[in-house]
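Visitor: I would like to go through this model term by term. Please tell me what each label rests on.

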Amino acid sequence: MISKLLSDANLFYLLYLIDLDLAEQCRKLRCPHCGSVLHFARYTRKPRGGPNNLSDEYMTRHGLCCSSEDCRRRTLPASCLFMGRRVYWRCVIVVVMALHQQRPKGTSIYRLQRMFDIDHKTICRWIAYFRQVFPSSVSWKSLRGLVNPKLDDKRLPGSLLAVFLKQVPDLQQGLIVCMKFLANSTCSRFLKPKTVTAKDGDFFL
Ligand SMILES: [Zn+2]
C-alpha cells in the first residue's frame, strides 16, 4: 500500500538526494538577478509526518545566496521534500490527499487522522487548498499543459499521482516521479519535465 511508503526512511533519502541535485543545478545557473556566483545557504526544517528514524540531514532546506555584496539576494531551489512553508513533508500531503480523493476502502478524514496522526483541521485545510487554490495557481498552470487535458483538476493531487503510479513498475518510484514533477512547478528556472501521457481511470492501492 502506498501509505506504507511514508514510514520508509529510504523514500526520504532518495528525495533528499534529488533535492541536492536540484539545488546544485540551480546554483550553477548563477544569480537570476545579477548573474553572480551563488553560495549555499542551508537551513533546517522539522517537517512532520515521516518516520522517526530520519537523519537530520534530510531536514535540510537548500537555499542559495548571491555572492555579490551589491545583491545578496536569495534564491530558493525546487524541492521534492518540502512544500513551501507547510509543516508536513510534501510526500505526506500528496499521499494523504490522494487516499482521501481516491477513497480506497472509504478513506475518510477521520480514518486518515488516525492513520497518520494529523489533526482534522490540517487535513481540511489541505482539501480546501487542493480544491480551491491549487488548480488555478500559477504553479499548476505551469505544468497543466504537460498532462492529459482529461486529467481531473478537481481531484488533484490524487489524479496526478495516479498517472505516475501507472507508468512505473513500483509505488515508490511512482511517488518520487510525482514529487519531482510537482517540485518543478515551484521553480521557473528549470527545464520543464517531459510531457506526461495520462491514462486516467481507477487505479490505486
Ligand atoms: Zn545577485
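Guide: Start with the term donor: donors are N, O and S atoms within 2.8 Å of the metal (3.2 Å for Na, K and Ca), and sites may look incomplete, as water is not among the atoms. This is a predicted model, where local features need pLDDT of at least 70 and side-chain atom pairs count only at pLDDT 80 or more, while totals for chains, interfaces and linings use all residues. Residues are numbered from 1 along each chain as its sequence is written, and side-chain values use heavy atoms, with hydrogens and water left out.

Visitor: Which protein atoms are called donors of the zinc ion, and what makes them donors?

Guide: The SG atoms of C31, C34, C66 and C71 are the protein donors, lying 2.3 Å from the zinc ion. The cut-off is 2.8 Å for N, O and S atoms.

Visitor: Why is the arrangement around the zinc ion called tetrahedral?

Guide: Four donors count as tetrahedral if all angles lie between 85 and 135 degrees; square planar (four) and octahedral (six) need opposite donors over 155 degrees apart and all others between 65 and 115; anything else is irregular. Here the four donor atoms subtend angles of 98 to 115°, so the arrangement is tetrahedral. The ideal angle for four tetrahedral donors is 109.5 degrees.

Visitor: How are the donor residues of the zinc ion spaced in sequence?

Guide: The spacing is C-x2-C-x31-C-x4-C. Helices (H or I, at least four residues) and strands (E, at least two) are DSSP runs, numbered from the N terminus.

Visitor: How many helices and strands does the chain have?

Guide: The chain has seven helices and five strands. From the N terminus on, the order is α-β-β-β-β-β-α-α-α-α-α-α. Of the 205 residues in the chain, 51% are buried.

Visitor: How is the packing of α1 and α7 described?

Guide: Two packed helices are described by the angle between their axes and the distance between the axes. Axes are lines fitted to C-alpha atoms, for helices over the stretch in contact, and angles run from 0 to 180 degrees between N-to-C directions. α1 and α7 (residues 171–184) pack at about 35°, with axes 11 Å apart. Contact means heavy atoms within 4.5 Å. The contact is made by N10, L11, L14, L15 and I18 of α1 and by Q172, L175, I176, M179 and K180 of α7.

Visitor: What makes helix α6 largely enclosed by the rest of the structure?

Guide: Eight of the ten residues of α6 (residues 158–167) are buried, so α6 is largely enclosed. The buried residues are G158, S159, L160, L161, A162, V163, F164 and L165. They pack against α2 (90–102), α5 (138–144) and α7.

Visitor: Why is H100 called buried?

Guide: H100, in helix α2, has 7% relative accessibility, so H100 counts as buried. Leaving aside neighbours within four places in sequence, H100 is in contact with T107, S108, I109, L112 and I127.

Visitor: What stands out in the backbone?

Guide: Most residues other than glycine have a negative phi, and most peptide bonds are trans. R30 is not a glycine, yet has a positive phi of about 70°. D117 is not a glycine either, and its positive phi is about 55°. D117 has 68% relative accessibility, so D117 counts as exposed. L156 and P157 are joined by a cis peptide bond, with omega about 5°. P157 is in the loop between α5 and α6.

Notes. Buried < 20%, exposed > 50% of the residue type's maximum accessible area, 1.4 Å probe, protein only.
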